Amino acid sequence: MTVDSREVAAGVLRAVPFARTLGFEFVEVAPEAEGGVRAVVRLPDSPATHNHVGGPHAGALFTLGETASGAVVMAAFGQMLDRATPLAVRADIAYRRVAMGEVRATARLGRPPAEVLAELDAGQRPEFPVAVEIGTPDGTVTATMTVQWTLRPNR
């Protein structure tokens, strides 16, 4: 699988204007083993996104994680948009420690794309997880998240 990081980033920012509002920056969208995909999205430090203790607001962190997961989905399944619409089904986030300053979300596809596409080809509506770690540039994890996605067949 080849991934055009700039194309994925531009597509996500076009489709999700709120990500532009928060000033997200796409650091990387890259293939991994067995057809997997990894995306890293950055939230710069800005008083506009701070909470009452001076770090990134929980809502900004959630949106950062969900956006990184969406970049993974677009990289893995963007070629299927004529057949199916990707939708987030549910998400779970655990805030583990206070984040201060810049944060990054690293998202990884939780199932091989071939399995997901086989279910879609069989007429099913596949679901698959995307795991996300949110943390500081030095690697300290401040939150973990799982976003469950589906590919809803276009009819």
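Predicted model: local features only at pLDDT ≥ 70, side-chain atom pairs only at ≥ 80, totals over all residues.
Which element gives the largest share of the lining of the largest pocket?

Residues are numbered from 1 along each chain as its sequence is written, and side-chain values use heavy atoms, with hydrogens and water left out.

Let us begin with the sheet. Strands of a sheet pair through backbone hydrogen bonds, either parallel or antiparallel. Here, six strands form an open sheet in the order 1-2-4-5-6-3, and the pairing is antiparallel. Strand 1 (25-31) and strand 3 (84-95) each have a single partner strand, so one side of each is left without a neighbour in the sheet. On average, neighbouring strands are turned by 20° against each other, direction ignored. Two strands pair if DSSP finds at least two bridges between them; helices (H or I, at least four residues) and strands (E, at least two) are DSSP runs, numbered from the N terminus.

As one example, strand 2 (residues 37-43) and strand 4 (residues 103-109) run antiparallel and are joined by six bridges. Leu43 stands opposite Val103 in strand 4.

Next come the helices. Helix 4 (residues 113-121) packs on the sheet, touching strand 3, strand 4, strand 5 and strand 6; contact means heavy atoms within 4.5 Å. The direction of helix 4 makes about 30° with that of strand 6. Helix 3 (residues 58-77) lies across strands including strand 5 (127-135) and strand 6 (141-153), and runs at about 35° to strand 4. Axes are lines fitted to C-alpha atoms, for helices over the stretch in contact, and angles run from 0 to 180 degrees between N-to-C directions.

We now return to the opening question. The largest pocket has a volume of about 260 Å³. A pocket is an open set of points on a 1 Å grid over the protein atoms alone, where a 1.4 Å probe fits, with protein on both sides within 12 Å along at least five of seven lines; lining residues have an atom within 4 Å of a point. Volume is the space filled by probe spheres set on the points, which are joined across faces, edges and corners. Of the 15 lining residues, the closest to the centre are Ala15, Val16, Gly70, Met74 and Trp149. Helix 3 gives the largest share of this lining, six residues.
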